[in-house]
Amino acid sequence: MTTLFRRAYPPAELPAGAYWWLPFCGPDVVVREDDGQAALLYGGMDVVAGLEFEPPVLLGSLDGVPCVSCQLSSTAELPTGWHAIGLRELYGKLDDALYEIAGYAAHLLLWQRTSRFCPVCASSTEPMQGDWGRRCSTCGHTRYPQLSPAILALVHDGDRVLLTHKPGWSARYSIIAGFVEPGESLEACVQREVEEEVGVAVANISYVGSQPWPFPDQLMIGYMAEYAGGMLEIDTAELDDAAWFHVDALPELPPPMSLSRRIIDAWAASRRRELLDGQSSFRA
Ligand SMILES: [Zn+2]
């Protein structure tokens, strides 16, 4: 089933009727939970009646149903059956489209909390019309929700993939990740991050996909790149290990919700297909 999310921007007002509610308690989204599955709260303003909350934010509508978020008071006592769940823990318990909207809500509420004052002159800011920007009431400085682009880069060499390990990660290995610097293209960022973290050169950088990552404000942009030379030399300020792994001997990998895992799975599936094709043509 395809779903369509249409965004709304200030000064859009809440229409009458029932909404998908995304109330947050601190950083956690409040849902109903039953047998390991979560469901968003659904209904009119009566859903949050009796609770203390900041003015609700209309995010948009999903297949025509308005989606509304609000920050509950940190001391709010949640009604029976409601649970405050971290976004990471919520993954897989909600429909994908609603999960993505929950991430959007978390990002926008963070923006609402952190943009009340001007970073230039410390006066209060006011919402702008038609987008989520805020303008300083004194000096006119404008700001928009911060989005931090970060690349993911899977480096491969035939049947081997280069995976890295950071201090504090269980046994899990992942691909290279890093924030895009000012004045840098995404492809240049891939080359720089790979070179800085593991000391090797890459070529034939190709785009795979992207993913909003509201922890708290990243946009992950995924690439694959071919190993093009150099010895592994680990940046020990960031990593405690990096190694080549054969496609049939991969270590513990990131959780399925992450784009890094999807990139690794896509590479491994394509390598295994090629290996099988190679074997069948050999037998033929
Ligand atoms: Zn100002």
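The legends below accompany several close-up views of a predicted model.

Figure 1. The predicted model contains four helices and 17 strands. Its C-alpha atoms fill a box of roughly 70 × 50 × 35 Å along the principal axes. Of the 284 residues, 42% count as buried. If you look at contacts between residues at least 6 apart in sequence, 63% of them join residues at least 24 apart. The domain assignment divides the protein into domain 1 (5-114) and domain 2 (148-283).

**Figure 2. The largest nonpolar core.** This view gathers the 45 residues of the largest nonpolar core, where Leu22, Leu59, Leu90, Leu154 and Leu163 touch the most other members. Which helix gives this core its largest share? Helix α2 (residues 96-114) does, with eleven residues. The core also draws on both domains, taking at least three residues from each of domain 1 (5-114) and domain 2 (148-283).

Figure 3. Leu154 is one of the residues that touch the most other members of the largest core. Leaving aside residues up to four places away in sequence, Leu154 touches Val161, Ile175, Tyr223, Met224, Ala225, Ile263, Ile264 and Trp267. A separate second core holds 17 residues, and Val190, Val194, Val198 and Val202 are among them.

**Figure 4. The interface of domain 1 and domain 2.** Eight residues from domain 1 and nine residues from domain 2 take part in the contact. Together the two domains bury about 720 Å² between them, and 73% of this area lies on carbon and sulfur atoms. On the domain 1 side, the residues that lose the most area to domain 2 are Arg88, Tyr91 and His107, which together make up 61% of what that side buries. How many salt bridges are counted between domain 1 and domain 2? The count is zero. As for secondary structure, α1 (87-90) and α2 each supply at least two residues of the domain 1 side. Helix α2 gives the most to that side, with five residues.

Figure 5. Side chains of opposite charge can pair when their charged atoms come close. The side chains of Glu184 and Arg192 meet with 2.5 Å from N to O. Are these two residues buried or exposed? Glu184 is buried, because its relative accessible area of 19% falls under the 20% limit. Arg192, at 19% relative accessibility, counts as buried too. The pair belongs to a network of salt bridges that links Glu184, Arg192, Glu193 and Glu196.

**Figure 6. Two salt bridges between partly exposed residues.** Asp157 is partly exposed, with a relative accessible area of 28%, and Arg160 is partly exposed at 32%. The other pair is Asp265 and Arg261, with their closest N and O atoms 3.1 Å apart. Where do Asp265 and Arg261 lie? Both are in helix α4 (residues 259-283), four residues apart, about one turn of the helix. Asp265 counts as partly exposed at 37% relative accessibility, and Arg261 is partly exposed with a relative accessible area of 22%.

**Figure 7. Gly44 in its loop.** Our last stop is the loop between β5 (41-43) and β6 (57-62), where Gly44 is placed. Gly44 counts as buried because its relative accessibility is 13%, under the 20% limit. Which residues does Gly44 touch, not counting residues up to four places away in sequence? They are Gly17, Ala18 and Trp21. Cys136 is 92 residues from Gly44 in sequence, and their C-alpha atoms are 33 Å apart in space.

Technical notes
Residues numbered from 1 in each chain as written. Predicted model: local features only at pLDDT ≥ 70, side-chain atom pairs only at ≥ 80, totals over all residues. Heavy atoms only, no water. Core = buried A, V, L, I, M, F, W, Y, C linked by side-chain atoms within 4.5 Å. Buried < 20%, exposed > 50% of the residue type's maximum accessible area, 1.4 Å probe, protein only. Domains from an automatic or database assignment. Contact = heavy atoms within 4.5 Å. Buried area = accessible area lost by both parts, 1.4 Å probe. Salt bridge = Lys/Arg side-chain N within 4 Å of Asp/Glu carboxyl O.
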